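The following briefing covers pockets, a surface patch and charged pairs, grouped by topic.

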Amino acid sequence: MMLESLLTPESIEQNWQKGYEVSLEYREEGISNQWRVDRLFEQIMQDLSQGIAKEDIACRFHIGLARGLVRAVQKVSQEKACYQVFLSGGVWQNLWLVALFKEILPEHIQVFTHQRLPANDANIAIGQLAVIT
């Protein structure tokens with residue numbers, strides 16, 4: 001929440017091309033649940049050592065994370081011919097992350113977010129129920 005509070009529309013625009021590299025590991029059998037964050041931390045440390053403002057670092061983190069999530073969704077979408085994504089869990093309480101994700105995601109993939117249920121981790125159980133039914 002602290003990082004989220006540092007973002008503004010202006011800072012997003014200024015850092016749009018500078019988002020950090022964040023990605024999931026890919027294997028022959030599909031996407032792993034392992035995030036590759038080594039490059040992310042290198043980029044953050046480099047920016048900190050160069051005196052980059054914390055607002056810019058927060059923007060670059062959010063932009064990179066949103067792009068990484070979109071790449072993962074696109075890969076699954078292509079492999080499974082599934083064009084719907086359901087955003088559930090505490091991370092999606094971050095309104096900037098949701099907005100960036102939706103901005104980057106191709107239009108042919110439909111996004112569903114919580115409407116009547118909480119956005120926090122309690123909502124994960126609902127998603128798990130939906131998958132098994």
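**Salt bridges, pockets and surface**

At 43% relative accessibility, glutamate 21 counts as partly exposed, the label for values between buried (under 20% relative accessible area) and exposed (over 50%), with a 1.4 Å probe and protein chains only. The model is predicted, so local features need pLDDT of at least 70 and side-chain atom pairs count only at pLDDT 80 or more, while totals for chains, interfaces and linings use all residues. Residues are numbered from 1 along each chain as its sequence is written, and side-chain values use heavy atoms, with hydrogens and water left out.

**Salt bridges**

- The structure holds five salt bridges, a salt bridge being a side-chain nitrogen of Lys or Arg within 4 Å of a carboxyl oxygen of Asp or Glu.
- Glutamate 21 pairs with arginine 39, their closest N and O atoms being 4.0 Å apart; this pair links distant parts of the chain, 18 residues apart, with glutamate 21 in the loop between α2 (9-15) and β1 (23-27) and arginine 39 in helix α3 (residues 38-49).
- Arginine 39 is partly exposed at 32% relative accessibility, and a network of salt bridges links Glu21, Arg39 and Glu42.
- Arginine 36 forms a salt bridge with aspartate 38, with 3.0 Å between the closest N and O atoms; arginine 36 has a relative accessible area of 39%, and aspartate 38 has one of 42%.
- Lysine 75 and glutamate 79 form a salt bridge at 3.3 Å between the closest N and O atoms, and both lie in helix α4, four residues apart, about one turn of the helix; helices (H or I, at least four residues) and strands (E, at least two) are DSSP runs, numbered from the N terminus.

**Pockets**

- About 970 Å³ of space lies in the largest pocket, whose lining has 31 residues, with Gln84, Val85, Phe86, Leu87 and Ser88 nearest its centre.
- A pocket here is an open set of points on a 1 Å grid over the protein atoms alone, where a 1.4 Å probe fits, with protein on both sides within 12 Å along at least five of seven lines, and lining residues have an atom within 4 Å of a point.
- The second largest pocket has a volume of about 150 Å³, and the largest share of its lining, three residues, comes from α4.

**Surface patch**

- Leu117, Ile126, Leu129, Val131 and Ile132 form a nonpolar surface patch with about 510 Å² of accessible area together; patch residues have over 30% relative accessible area and no salt bridge, like charges being joined within 9 Å and nonpolar side chains (Val, Leu, Ile, Met, Phe, Trp, Tyr) within 5 Å.
- Leucine 129 is found in helix α6 and is partly exposed, with a relative accessible area of 49%.

Conventions. Points joined across faces, edges and corners; volume = space filled by probe spheres on them. Areas by Shrake-Rupley, 256 points an atom, 1.4 Å probe, with all protein chains shown as cover.
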